[in-house]
Structure formats: C-alpha cells, structure tokens
Amino acid sequence: MAVNNAKLRELYHSMLRIRCCEESFIEPILSKEVRCPVHLCTGQEAVAAGICGALEKKDYIFGNHRSHGHYLAKGGGMKEMVAEVYGKETGCSRGRGGSMHLIDPQVGMLGSAPIVGGTISLALGAAMASSIRKDKRVTVSFFGDGATGEGVLCESLNFAALKNLPIIFACENNFYSTHLPISEIRVSNRIFEIGKPFGEQSFRVDGNDVLQVFDRAKKAVDLCRRGKGPVFLEFVTYRMHGHVGPDDNIQGCHTDIRPKKEIERWRKKDPIVKLERLLLRKKAMSRDALAEIRSMVEQEVREAHEFARTSPFPKKEDLHRYVFKD
Amino acid sequence: MSSKTRKLAYSLAINEALHQTMTADSSVFLIGQGVKSPWYVGNTALGLLDKFGPSRVIDTPVSENAMTGAAVGASIAGMRAVVVHPRIDFMLYAFDPIINEAANWYYMNGGRASVPVVIWGIINRKGEQAAQHSQALQVMFAHVPGLKVVVPSTPYDAKGLMVASIRDNNPVLFVDDRCLYGIEGDVPEELYEVPIGKGIIRRNGSDVTIVATSYLVHEALRSADKLQQEGISAEVIDLRSLKPLDETLLCDSVARTGRLVIADGGWKTYGVAAELSALVHEKVFSSMKAPAARVTLPDVPAPASSALEQAYYIGEQDITRSVKRVMSS
Ligand SMILES: Cc1ncc(C[n+]2csc(CCOP(=O)(O)OP(=O)(O)O)c2C)c(N)n1
Ligand SMILES: [Mg+2]
C-alpha cells in the first residue's frame with residue numbers, strides 16, 4: 001500500500017511525541033516528583049501510532065496499564081496527560097486516576113485501566129453500541145501478551161465473532177508479563193492463532209514497523225466498517241524499559257529478568273530510527289525537517305511538564321466529588 | 001512449649017509459616033502470580049521454589065479465575081492449596097470460585113466434601129496507585145457464609161494465622177496489608193497456630209474500647225498512648241479474625257468501658273465497622289454510655305493524587321479525634 005508523504009510525516013510525528021513524552025518522565029520519577037506507577041511504552045510506539053493513524057476521530061479505543069502511547073496517538077492532549085501523571089486537578093482524569101487511568105472521550109479514547117484484561121469486554125461493549133446504532137464506528141481494544149491468560153479474552157473473541165462486531169483486538173506481544181517471559185505463561189508465542197478457532201480473522205504483524213502496522217490496521221478498520229469484523233491482530237514488539245518505571249529489568253540487577261543481549265538486539269530494531277531511515281531514503285523528509293519536528297515535539301513536552309508543575313493539586317474538600325454523577 | 005523466639009519481619013513470618021507447613025505436610029502447595037519472583041510478593045515466597053520445586057510452588061499466567069478455581073478443586077481432591085493474589089483487587093476475577101464454589105461446597109453437598117483452601121489476598125495501598133490497586137475488600141468475603149477471614153496485624157499472628165488457615169478444613173481468606181511487611185516482632189521458631197476467630201487485647205484500658213483491624217491496630221496503639229497523656233484510658237482490641245468474630249472479647253470489653261471506637265481500613269457503609277457497631281448495640285446496649293463511632297475510609301474509591309490520598313486514608317489522628325468525641329458525648 002502506498003502511503004503518501006504527509007501520512008508518513010504524521011506517523012513519524014505521532015511516534016516521536018510518544019517517545020519524547022515517555023522519556024521525559026524518567027527524571028521526575030527518579031526525583032519523586034512523579035509518584036504514581038508509570039508503565040513506559042518506549043519501543044512500542046509504532047503500534048499505537050500505526051493503529052490510531054488508521055482510525056477516525058469518532059472511533060473508539062480502550063487501553064490498559066501501559067497506555068500513554070494509545071492516548072496520545074488517538075489525539076489525547078499531552079498537557080492533560082502529563083498533569084494526570086503528576087496528580088494534578090488539570091489532568092485528563094482530574095488527578096483521580098494517575099498514569100493508569102487516561103481518558104479523553106472527545107477524541108474517542110474511552111479509558112484505560114490496569115486490571116489485566118479488564119477493558120477487553122468494555123471494548124466489546126463499545127463495538128456492540130456501534131452495531132446497535134449503526135454508526136460505523138470501529139473500536140480497538142489494546143492489551144498485552146499477559147492478558148491472553150484471562151478468560152475474558154476468549155469470551156470476548158467468541159462473542160465478537162458471533163455477532164460480527166466492529167472491533168479490533170490489538171495484542172501487543174512484547175514477550176513479557178511483569179516478571180515472566182512469554183515461555184512461562186504460554187506454550188506457543190504465536191498469539192494471533194488464538195483468534196482463529198473463535199472465527200476471528202487473525203494476523204501477526206511486525207509491531208516495530210509502523211508502515212506494516214498502519215497497513216494491516218487500515219485493512220482491519222475497513223473490514224470492521226463494512227460490517228465484516230472482528231479482526232484479531234498480534235503486534236510483535238518489545239518494551240525498552242522494564243515493567244514499571246525506568247528500571248530496565250536487566251538480568252543481574254534487583255529485578256533480574258531480561259538478558260542484556262536481548263535488549264541490545266531490540267534496540268537495533270527501534271521503530272523510530274527505522275522510520276527515520278526510510279523517510280531519508282525515500283526523500284520524504286530531509287534531515288533538517290526531521291530535526292525541526294523533533295525540536296517542535298521537545299518544546300511541546302517541555303510545555304506539558306511546565307503546565308503540570310504549575311497546575312494545582314485537587315482540593316481536599318473535593319474528595320467526595322465524582323463518585324456519582326448528578 | 002519450648003519456644004525459641006526472635007525478631008522477624010512480618011513478610012518473613014509468613015514465609016516461615018509456608019516453609020514449615022510445606023515441610024510438615026506434603027499436601028500443602030502454593031500457587032499464584034509472582035511466587036517465583038524475589039520481589040513480587042515481598043519476601044513471603046523466599047526460598048520456597050528452591051526447597052519444594054515447581055510442582056508445589058507454582059507461578060502462574062495472569063488467570064485469577066482459573067488459578068483460584070484450581071486451588072479450590074485441588075483442595076476438594078485432597079490437597080491443601082494456598083493461592084496468593086499479589087493484590088486483592090485482582091481477586092475479583094475469582095469471585096465465582098471463592099463464593100459460589102468454595103464457600104458453598106461443603107454445605108450444598110451435605111458435608112460430603114470440604115474445601116481446605118487458603119485464599120491469600122494482599123492489600124497494597126497508597127503510592128498514588130488509584131482505585132484498582134488500593135482496595136481493601138475483605139469485608140465482602142466476610143459477608144459470605146462458609147468463608148473464614150483473617151487479618152493479622154503482627155508478625156506473630158501472621159505466622160500463626162497462616163498456619164491455622166492452612167490447617168483449617170474450610171476455605172479461609174488470609175488478607176494482609178503490604179505496609180505491614182517490614183514491621184518486626186517476636187516470632188517463635190517452632191510451628192504454632194493462632195486460633196482463627198480469637199481476638200486479643202493489645203492494651204488494657206477502662207474509659208473506651210478501640211477495636212481495630214490489621215495495620216490500624218498499630219495506629220490505635222499510638223493513639224492510645226497519646227490519649228493516656230490526656231488522661232483517657234483506652235483499651236485496644238485487635239480483632240485478628242473478621243470471621244468467625246470474637247464477639248465475647250469485644251462485648252466484654254465494651255461492657256466494661258461503656259464506649260467503643262471502631263477502626264477499620266475498609267469503606268464505611270455496610271462495612272466491618274457497621275457490623276461491629278450493630279453487634280455491641282444488640283448485645284451490650286445497656287452498658288453503653290455513648291453510641292459507637294466508626295473510623296473508616298469514606299465511601300469513595302481510592303484517589304491517585306497524593307493530595308487526595310492524604311485526606312482519604314485514616315490513622316492515629318482520626319482515631320484520637322473520634323475517641324475524644326465519644327468521650328465527650
Ligand atoms: C487482573 C490482574 N492481575 C494481575 C495484575 C498485575 N499485572 C499488572 S501488568 C501485568 C502483566 C502485563 O503484561 P502484558 O499484558 O503483557 O502487558 P505489558 O506490561 O507487557 O505491556 C500484570 C500481571 C493486574 N494488573 N491485573
Ligand atoms: Mg507483555
């Protein structure tokens with residue numbers, strides 16, 4: 001599929017925003033200015049950018065504990081996200097949720113939550129709402145390889161196929177679920193195959209190649225829009241940091257999980273570097289143009305932290321707010 | 001009892017209970033997320049995998065419903081399973097095997113098969129972890145007939161109640177709070193039980209009874225020290241088990257002091273404190289000089305922002321304030 005230069009730039013911009021924003025949290029986490037648990041998605045940007053790049057604004061997504069990328073790629077405001085991570089009243093969840101509860105209904109980001117598998121059936125329900133209303137929206141459910149252990153995934157796959165719901169099950173297979181490598185939680189790491197017996201159209205995609213992600217996502221979105229869903233997509237990728245925070249879970253350190261060599265191998269497959277090379281090769285963008293985007297993004301990230309730092313905390317008197325809507 | 005005692009951290013007291021019961025009884029095994037990791041469940045699983053091997057120390061996929069069901073099923077089939085959930089919030093996926101199956105099994109099968117399973121849920125609050133990673137849900141289980149629920153506050157009780165839970169012939173929920181893992185206390189080296197269903201007086205007093213659960217016992221003791229300086233003599237009861245409930249201990253104390261403040265880390269409405277309050281009003285109303293007071297979390301989900309966490313969580317000062325109010329009413 002031919003992707004025009006404007007779309008290439010857009011995908012690059014989207015990925016770079018996620019990367020720069022993720023890395024910008026490391027310092028405030030270490031200085032304890034950020035206190036909530038933060039699950040960084042550095043290394044997995046192509047999945048969020050490629051899929052959301054194939055969606056329209058009206059489409060829905062649901063995320064999990066590692067959803068900064070999903071939220072940003074779908075169009076969620078960076079300022080509001082960063083402020084949420086700082087626990088501020090100006091955050092997208094008004095400081096009540098923190099990093100693991102990002103939401104922006106106006107751009108179709110209907111929420112994220114850290115209970116593994118917890119939002120899969122919610123996404124199923126959003127797709128059901130669309131099918132009842134015939135509004136041609138598509139819903140994407142983002143979850144990790146770890147979530148394949150939860151029964152609710154199988155229940156949702158079955159029902160989605162049974163009712164031809166417009167939903168894309170997007171599994172980001174980064175080969176780890178907290179402390180366990182995938183070989184210790186599943187017999188096969190070919191996750192996409194679990195969709196097949198339920199009647200899902202199922203594919204495995206290189207999750208570090210944003211063009212492949214975009215291409216496959218676009219086809220899946222088209223199918224869903226034409227009432228020919230659901231689709232199950234597995235994205236093979238890797239998180240460059242450890243499970244939570246800036247600790248990289250390298251073997252030999254306190255958390256002692258991942259071989260250093262493995263991390264180095266994946267570093268060579270950096271999705272952003274890969275796209276930069278392509279853009280230069282195809283002369284879609286010059287080095288100057290790349291640098292310009294980068295400095296724009298860095299500026300946006302700086303402003304987001306500035307906004308977060310200068311924003312007020314929620315007021316104690318408001319502790320009881322938002323339990324019920326009037 | 002020839003008991004050699006030394007200081008041990010709460011998490012290591014649990015660890016010792018597991019080592020000793022697994023050594024003594026080959027039908028005991030541990031299953032749950034993180035039991036092979038040195039950091040996932042604190043130090044509680046330290047050395048178990050090395051000693052007992054992967055067939056009795058089973059780290060699992062993220063499958064709470066099936067893993068809990070499997071622990072229940074194995075226990076029906078003659079084992080004594082301990083299934084651990086590193087956060088009690090994750091255990092909600094296992095409501096069915098816990099409540100529909102384990103709690104009811106013995107009764108609905110006319111006593112033909114019992115379920116000697118331990119379902120261990122760890123509460124992990126604060127740290128801006130927000131609503132799905134901070135909940136104290138033990139009272140939901142205490143509501144259900146057929147389930148026992150223990151909430152140890154000290155290393156001594158953590159070990160003794162874990163042992164008692166494993167040896168009990170019924171499903172027992174062992175609910176501990178991660179903030180206790182580092183506290184140290186006297187723990188005998190030998191294998192011993194703390195009886196399920198028995199509370200303990202941690203401090204004698206005559207003006208008011210403070211009954212507390214889990215980490216709030218420590219807050220209550222600090223509060224009682226402060227109150228003493230102001231001339232208020234507070235008795236502190238550590239409930240230790242939510243179910244069965246040590247009604248006698250509590251009611252006798254309140255009959256003596258005439259006043260009751262209840263400190264529990266769950267939510268207020270329909271909670272532990274509500275139950276205890278109803279109990280004393282039913283049993284010893286005539287000796288009460290003031291209505292019982294509840295110190296609990298407000299009926300609000302756990303917020304992320306530390307600015308709100310400070311207003312949300314309860315401790316010594318809330319207890320002290322409540323005692324003073326009860327004393328002056
Ligand atoms: C129901 C439930 N069980 C356990 C956990 C603890 N936990 C948090 S993330 C996670 C695994 C995540 O692995 P995966 O789904 O592959 O996502 P990744 O972190 O790799 O992005 C687990 C087990 C949880 N949050 N919810
Ligand atoms: Mg994973």
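Let's start in chain B, with B:Tyr270, which lies in the loop between β13 (260-267) and α9 (272-283) of chain B. Its phi is positive, about 60°, although B:Tyr270 is not a glycine. Is B:Tyr270 buried or exposed? At 77% relative accessibility, B:Tyr270 counts as exposed. Keep in mind throughout that this is a predicted model.

Look for A:Asp256 in the loop between β8 and α9 (260-267) of chain A. A:Asp256 is partly exposed, with a relative accessible area of 42%.

Next, the cis peptides. In chain A, a cis peptide bond joins A:Gly229 and A:Pro230, with omega about -5°. A:Pro230 sits in the loop between α8 (210-225) and β8 of chain A. In chain B, the peptide bond from B:Lys243 to B:Pro244 is cis, and omega is near -5°. B:Pro244 is in the loop between β12 (241-243) and α8 (247-257) of chain B.

Now the sheet in chain A. What is the strand order? This open sheet of six strands runs β2-β1-β3-β4-β8-β7 in chain A, with parallel pairing. At the edges are β2 (109-112) and β7 (201-206) of chain A, and each of them pairs on one side only. From one strand to the next, the twist averages 15°.

Two helices of chain A pack on this sheet. Helix α3 (residues 45-53) of chain A touches β1 (60-63), β3, β4 and β8 (231-236) of chain A. The direction of α3 makes about 170° with that of β3(A). Helix α7 (residues 151-162) of chain A touches β3, β4 and β8 of chain A. The direction of α7 makes about 145° with that of β4(A).

Let's walk across the strands. Strand β3 (residues 139-144) and strand β4 (residues 167-173) of chain A pair in the parallel sense, over six bridges.

How many of its six residues are buried? Six of the six are, so β8(A) is largely enclosed by the rest of the structure. A:Val231, A:Leu233 and A:Phe235 point one way from the strand. A:Phe232, A:Glu234 and A:Val236 point the other way. Note that A:Glu234 is on that list of buried residues.

On to the metal. Which residues coordinate the magnesium ion, ligand 2? They are A:Asp145 through OD, A:Asn174 through OD1 and A:Tyr176 through O, at 2.0 to 2.1 Å. Along the chain, the donors follow the spacing D-x28-N-x1-Y. A:Asn174 counts as buried, at 6% relative accessibility. A:Tyr176 counts as buried too, at 8%.

A:Tyr176 also brings us to ligand 1. A backbone N or O atom of A:Tyr176 lies 2.9 Å from an oxygen atom of ligand 1. A backbone N or O atom of A:Ala147 lies 3.4 Å from an oxygen atom of ligand 1. A nitrogen atom of ligand 1 is 3.0 Å from a polar backbone atom of A:Val116.

Who else is around ligand 1? Of the 23 residues there, A:His65, A:Arg66, A:Pro114, A:Gly146 and B:Glu64 come nearest. Why call the site shared between chains? Because residues from chains A and B surround ligand 1.

Last stop: A:Ser67. This residue is in the loop between β1 and α4 (68-73) of chain A. At 0% relative accessibility, A:Ser67 counts as buried. Leaving aside residues up to four places away in sequence, A:Ser67 touches A:Leu102 and A:Ser112.

Key: Residues numbered from 1 in each chain as written. Chains lettered and ligands numbered in written order. Predicted model: local features only at pLDDT ≥ 70, side-chain atom pairs only at ≥ 80, totals over all residues. Heavy atoms only, no water. Pairing = 2+ DSSP bridges. Helix = DSSP H or I, 4+ residues; strand = E, 2+ residues; numbered from the N terminus. Axes fitted to C-alpha atoms, helices over the stretch in contact; angles between N-to-C directions. Contact = heavy atoms within 4.5 Å. Donors = N, O, S within 2.8 Å, 3.2 Å for Na, K, Ca; no water. Buried < 20%, exposed > 50% of the residue type's maximum accessible area, 1.4 Å probe, protein only. Near = heavy atom within 4 Å. Polar contact = N/O pair within 3.5 Å; in protein donor to acceptor, adjacent residues only side chain to side chain.
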